[in-house]
Amino acid sequence: MSSVSPLLFLILVPILSAVLVMAGANPRFTSILGAVLNVLFFLAVAVFFNPAQAGFQFVSSFPVVPQLGISFTLGADGLSLIMLFLSVIVTLAAVCVARAPLENARWFYASILLISAGVVGAFASVDVFFFYMFHELALIPTFLLIGIWGSGDRQAAAWKATVYLATGSFILLLGIIGLYLIQPEGARSFDLRQMVANAQAGQVPDSPVVYLLLLVGFGILVSLFPFHTWAPQAYASAPAPASMLHAGVLKKFGLYGLIRLAVPILPESVQEYAPILLTLLACNILYVGYCTIAQRKLDLMLGYSSVMHMGYIFLGFVAFNQFSLTGASLMLLSHGLTIAVLFALCGEIRERTGTLDFSELGGIARVTPKLGLAFGFAAMASVGLPGFVGFAGELLVFFGSFASGEPQMGFLDGKEVFGFNGYQIATICAVWGIVISAIYMLRAYRRVFMGPLSDRWSRLPDLAGLPHAAIVILIGIMLFFGFFPQILVNLVTPALLLP
Amino acid sequence: MIPPVALEICVVCLGIFLLMAESFSFKSNKVTLAHGAIFGLVCVFILSFFIETNPVAMQDSGFYVVDGLSLFFKRFALLATILTLILAIDYLPIVQRLVPAERPEAGSGEFFILPVFTCAGLMWMASAADFIMIFCALELVTISLYIQVAYTRRSLASLEAGTKFLVLGALSTGFFIYGITWIFGMTGETNLAVIQKNLSIVPEANHTAILFGLAMVLVAIGFKIAAAPFQFWVPDVYQGAPTPITAFLAVASKAAGFLILIRVLQPFFVLESFQAKLILVLLLLAALTLIYGNLAAIPQTNFKRLLGYSSIAHAGYLLVGLAAIGDAFAGRAVVFYLSGYFLMTFLAFLVMVPVTKATGGDDLSHFNGLARRSPGLALAMLIAAASLAGVPFTVGFFGKFFVFEAAMNQELYLLVLIGVITVASGFYYYFKVIRAMYWQPAPEGCGAVAVSPLSKLAIGLCTLLILVLGFYPQLLIRFLP
């Protein structure tokens, strides 16, 4: 065993906090302390991170099953550093926003902390096997969080999400085993670095079956179009901290995995099957987008919108060039922050009013101006307004994807042609998707915060205390990186291993 | 150094001694017997680390082998019996209520002693390398289990279970003997090692007859391991039998069945023509068992019955591993899976017995609100269910992963696909107990569930092992033959 990676502490802090909480420590205080500690740990790691150096840093490895080349290897490069940042900051916001439920607050906080440990572990893993395992750590806590403390049709939502995610993850497991088995014998390993090295040496046959298994497995986890039906309901029913972590961070696992695994190892399959993925992601953006417009409740609308936005990131992935992949990576962060704020605010509104039905709400910005302002910021960030980090991400994705594929415009073989290829059509759909998201976000804002104020809501308290601070911090980060996206681009660029 | 047979002899002597002690001592506390049995078995377990691994005297006889596999399974059987006895101590009040006797404590002594004899049979079976020897050991196990399944005589379910088990057990014994005679007729031998040698000189025309005999043997073993389509006795017997015996059946009897399967198939895999056919049979058995076990488990409402179906389902995953036996890692994957299955099934039963005692039943609804009554027990059951379903960071996940890895390596894609679909249904029915414990409110006026210290220790150990092996399986793989 080499030296201990500082990333190990990032995983251990939430686990130990969860154990302490279960053992009887004050749940809320311990969780917040753990989350703050983790943010500080992360900042320490980030300070020592050298952005100029390619490859993984802070690597430590501990063999677990040497016969199969499985080892517990931690490490971080620019991309995972961004995801780790997202994880710790959203965890902090989630525990701050969490209200202690009437009974069994201990399980509630322990579940949130376990999800957090899972996402941190997944993004800090260099070993593909542990990358997968850590993601699954969230499965049971999510089941409990939705089932016990959820709202609405929580039981159905919890079952559906659990069975869907379990199926998806086992399909993904097959994909990962396949990825392992196409490695040349003798150099087989689950270590990402070894896999990429094998691929760069040209020793890995590009297997479409493995790619499709990965795509379906990750696709279910990310709620890619026909596999998305579990997500909106689950997010709508889950308590706010669970939705924040799940929609904000955990769901990014799938796209992160595709960028990490498929891009360097299976580039040909990605391009070969691009038409299928382009069709699906266009459905994600347009079909789910229209479904979002049709929603009558804020929580379901946010659930659908988070599914819809996955389409943009998929577009960035499948377009497969430096611009689009960088944009996709930026969108991982921006969407995570945005949807976390939106779900946090949604939870705050539910806490105050007990309903999220558009027809019952209205005008509450008059009594809760801070809440209204924060929602306005987050809604604009979600649409992709310049000044927020999402804008930079979307712009890069669109530039990248429009330039991808065979050109169909201009002079080809001496003849003037004018047409679009699949990537360009998908890009046009995606741009139209921005209009769709503007429609539903503005409409939601109008229905909830504008208009006449009903007497029922005339005494609503405004945002205050820790939840307020957490939301302000998240919005601040969105604005900061919106003005300085180059910091992220510099981090991501060496991590993208385009063949 | 001790000769290896001494282990079985010690266990048999322990059983006889306990029987004598029960008859001649007037002490009315039968739990002492159980403690004695547990102590004795622990001693034998410790002894098993000091035996000669390769005794000269045993090499030529051929009917008794001592290799890593057999030693591993001997220890497996010993531990399973110890855990069964711990369960049985907790279960004693229910036994006493359901056994007609003049005094409540009369007639419950054998409940602790019979498993010891079963254990001896299991240990012999682990070393058996001759059809006759396998048969004798198998009968010792089965006959003592017949009595144990039907032990609670006032319970109709237990009697029904006993009858079913007896009739179908006898039937499978018949198949076994019949198959052996065919194989003996064609090869002139009952010793597996010699059969392997003789196979190459048996004329091609007789291969069909050998295959027929082997098929009969496979049917009989199919009964023991509860592989579809020979699984129909399982749900009723598991539900009706006293809970400790159900656990014993589910773990020890099944593991023994798989051990025999490995031993019996080994010599026949040498011939290419046999190998292809046998693997095809294993594939079909595995696919059927997976589909039947998992789908039939979905609508169950009784937890014991659910575990019965789950044991069928797990037999399916184990068969997937056996069908992939060509892979270098597959053998270890199967043994690892069995060990994981041992831990998680016993953990489930260890939690179930006190809950049954406190609530008076073993339906899923009897687990309602357990998390509010006894958070520790509920957490243990949560871990057991998660492991049975195959959630990562538990031993159950690694078991499934190793088996699937071996199967993918052998290109059994269709089977793996079936496996994945059935895993998904497994998540549904195992999570039903988690739902009952955590989502549902506890019935009015219930306090914490009482657990004996010995059970607490066993529960703690099983939970810990499941989690530790779920992170670091190498701890066990290192010991695998």
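**Reading a predicted two-chain model**

Mentor: Let's start with strand β2(A): I70(A), F72(A), L74(A) and A76(A) point one way from it, S71(A), T73(A) and G75(A) point the other way, and all are buried. A strand here is a DSSP run of E with at least two residues, a helix a run of H or I with at least four, and both are numbered from the N terminus. Buried means 20 or more other C-beta atoms within 10 Å of a residue's own, exposed means 12 or fewer, partly exposed lies in between, and C-beta atoms are placed from the backbone.

Trainee: What should I know about the model itself and its numbering?

Mentor: This is a predicted model, where local features need pLDDT of at least 70 and side-chain atom pairs count only at pLDDT 80 or more, while totals for chains, interfaces and linings use all residues. Residues are numbered from 1 along each chain as its sequence is written, and chains are lettered from A and ligands numbered from 1 in the order in which they are written.

Trainee: Back to β2(A): how do side chains go in a strand, and how many of its residues are buried?

Mentor: In a regular strand the side chains alternate between the two faces of the sheet. In β2(A), seven of the seven residues are buried, so this strand is largely enclosed by the rest of the structure.

Trainee: Which strand does β2(A) pair with, and in what sense, parallel or antiparallel?

Mentor: Pairing requires at least two bridges found by DSSP between two strands. Strand β1 (residues 57-65) and strand β2 (residues 70-76), both of chain A, pair in the antiparallel sense over six bridges. V65(A) stands opposite I70(A). Four residues lie between the strands of this hairpin, and there G69(A) takes a positive phi near 65 degrees.

Trainee: Which residues other than glycine have a positive phi?

Mentor: Most residues other than glycine have a negative phi. Here F58(A) is one with a positive phi, about 55 degrees. It is found in strand β1 of chain A and counts as buried because it has 21 C-beta neighbours inside 10 Å. F393(B) also has a positive phi, about 70 degrees, although it is not a glycine. You will find F393(B) in the loop between α16 (375-389) and α17 of chain B, and its 23 C-beta neighbours inside 10 Å make it buried.

Trainee: How many helices and strands does each chain have?

Mentor: Chain A has 21 helices and four strands, while chain B has 20 helices and zero strands. For chain B the radius of gyration is 22 Å, close to the 23 Å that the globule rule gives for 481 residues, so it is as compact as a globular protein of that length. That radius is taken over C-alpha atoms, and the rule is 2.2 Å times the number of residues to the power 0.38. Buried residues make up 59% of chain A and 57% of chain B.

Trainee: Where do nonpolar residues gather, and which members of the largest core touch the most others?

Mentor: In soluble globular proteins, nonpolar side chains tend to be buried together. A nonpolar core is a set of buried Ala, Val, Leu, Ile, Met, Phe, Trp, Tyr and Cys residues joined through C-beta atoms within 7 Å. The largest one has 394 residues, of which A93(A), M125(B) and L347(B) touch the most other members. Helix α14 (residues 330-359) of chain B gives the most to this core, with 20 residues. Leaving aside neighbours within four places in sequence, the contacts of L347(B) include A380(B), I459(B) and I466(B); a contact means C-beta atoms, placed from the backbone, within 7 Å.

Trainee: Is A324(B) buried or exposed, and where is it found?

Mentor: A324(B) sits in the loop between α13 (303-323) and α14 of chain B. It is buried, with 30 other C-beta atoms within 10 Å. Its C-alpha atom is separated by 9.4 Å from that of E405(B), 81 residues apart along the chain.

Trainee: How many residues are in contact between the two chains?

Mentor: 25 residues of chain B are in contact with 24 residues of chain A. On the chain B side, α17 (395-409), α18 (413-438) and α20 (474-477) each supply at least two residues, and the largest share, 10 residues, comes from α18(B). By class, that side has 21 nonpolar, two polar and two charged residues. Nonpolar covers Ala, Val, Leu, Ile, Met, Phe, Trp, Tyr, Cys and Pro, charged covers Asp, Glu, Lys and Arg, and the others, Gly among them, are polar.
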